[in-house]
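Try each task before reading its solution.

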Amino acid sequence: MEKPLLVLKVGTAAITRADGTPDEPVMVEMARQVAALHGQYRLVLVSSGAVGAGKRWIQGYSGLIPERKAAAAIGNPLLINKYAQFFAPYGVPIAQTLCERGHFARRKPFLQLRDTFQALWDNGVLPIANENDVVSDLELKFSDNDELATLIAVGFGADTLLLGTSVPGVLDAQGQVIPVLERMDAAALGLATREKSASGLGGMVSKLTFARLATRLGIRTVIFGVKAPEAILRALRGEAGTACLPQPSSLNARNKWLASGSLVIGRIEVNAGAHDALLRRSSLLAVGVTAVLNDFERGEVVELALPGEPAFGVARARLSSEELLAQLGARGVEAAHADDIVLL
């Protein structure tokens, strides 16, 4: 029987000092705990910190995109060498896996990436993943490693996603850790402040946002502080941090990828009748479309929404935006097939 998949993400502030240099005692302790789990799980360690580790070599570093790219190019080998050093006493070989958003946006590259990870697991190798900051504008400007970890967890079929940070978990108004969030609703998302660490791109808003996606797709997610004693092992056992409970999900692997990994190109707004039909798992017909926003081609992924509201689903379009606009309101014209629609 195949081992369960566990994805662990650690943030920049959790594993580096204020000057960006790796916090070696924290990384040594992380390696010990991950090594203890290595025989029980297929593991992915998603690690930030490359930019932080490299920025001190950039004169007058101010955080501009070219400087971040240069810092990442310097910091990536430094960071991966530290991991190799700290995992070596446990006989755990590692592999650096630099990922871009495009690897998850298209199905074929995604499947190739998944096969590569499987080959690493088959040979007892621990993949250490990071954004490919050096070449990826989109990741660097609009996302963070919380998203990367979530896409890996959803796309590869993880049971648990651990989001390690510099704070002990999600805090209530009194500053106490909330041990369990049963549903990732508006109240749960409202617990996050808009603050982020000085060294990283993410923050609690990012973690709760991606915990919401992961739990909706059936993955237990724990937000916890990395630096506490036995933090990883205790978080996995539900003894530390904030556990965000998974919701039932019957989506197959392809539709989980569609809901999480695919890049959304455009937006289709529908009327209440079409919305109700989609909830009953019907196809989307042009007669129910009220607006088409942004340009997209056949086969690209679009959001589905009621006018002026957040998206309630995504779909792979059977018509381009131009074709759909030309047939807006037409009966019997299929804009997206039921098999290519995922409700969120």
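**Exercise 1. The cavity**

Find how many cavities of 30 Å³ or more the whole structure holds, and state what lines the largest cavity.

Solution. Keep in mind that this is a predicted model.

- Step 1: Count. A search of the whole structure finds one cavity of 30 Å³ or more.
- Step 2: List the lining. Ser-47, Asn-76, Leu-79, Ile-80, Tyr-83, Gln-96, Leu-98, Ile-128, Ala-129 and Asn-130 line the largest cavity.
- Step 3: Assign the elements. Helix H4 (65-87), strand S3 (94-99) and strand S4 (126-131) each supply at least two lining residues. H4 gives the most, with four residues.
- Step 4: Sort by class. The lining has six nonpolar residues, four polar and no charged.

**Exercise 2. Two packed helices**

Work out how helix H8 and helix H10 are arranged, from the angle and distance between their axes.

Solution. 

- Step 1: Locate the helices. H8 covers residues 145-156, and H10 covers residues 204-216.
- Step 2: Read the geometry. The helices pack at an angle of about 10 degrees, and their axes are 9 Å apart.
- Step 3: Apply the cut-off. Angles under 35 degrees count as roughly parallel, so H8 and H10 are roughly parallel to each other.
- Step 4: Name the partners. From H8 come Asp-146, Glu-147, Thr-150 and Val-154; they meet Ser-206, Lys-207, Phe-210, Leu-213 and Ala-214 in H10.
- Step 5: Sort by class. This contact has four nonpolar, two polar and three charged residues.

**Exercise 3. A salt bridge**

Identify which residue forms a salt bridge with Asp-146.

Solution. 

- Step 1: Start with the total. The whole structure has 12 salt bridges.
- Step 2: Find the partner. Lys-9 pairs with Asp-146, and their closest N and O atoms are 3.0 Å apart.
- Step 3: Lys-9 is in strand S1 (residues 5-10) and Asp-146 is in helix H8, so the pair links distant parts of the chain, 137 residues apart.

Key
Residues numbered from 1 in each chain as written. Predicted model: local features only at pLDDT ≥ 70, side-chain atom pairs only at ≥ 80, totals over all residues. Heavy atoms only, no water. Axes fitted to C-alpha atoms, helices over the stretch in contact; angles between N-to-C directions. Parallel < 35°, antiparallel > 145°, perpendicular 65-115°, else oblique. Contact = heavy atoms within 4.5 Å. Nonpolar A, V, L, I, M, F, W, Y, C, P; charged D, E, K, R; others polar. 1 Å grid on protein atoms, 1.4 Å probe; cavity = no way out; pocket = protein on both sides within 12 Å on 5 of 7 lines; lining within 4 Å. Points joined across faces, edges and corners; volume = space filled by probe spheres on them. Salt bridge = Lys/Arg side-chain N within 4 Å of Asp/Glu carboxyl O.
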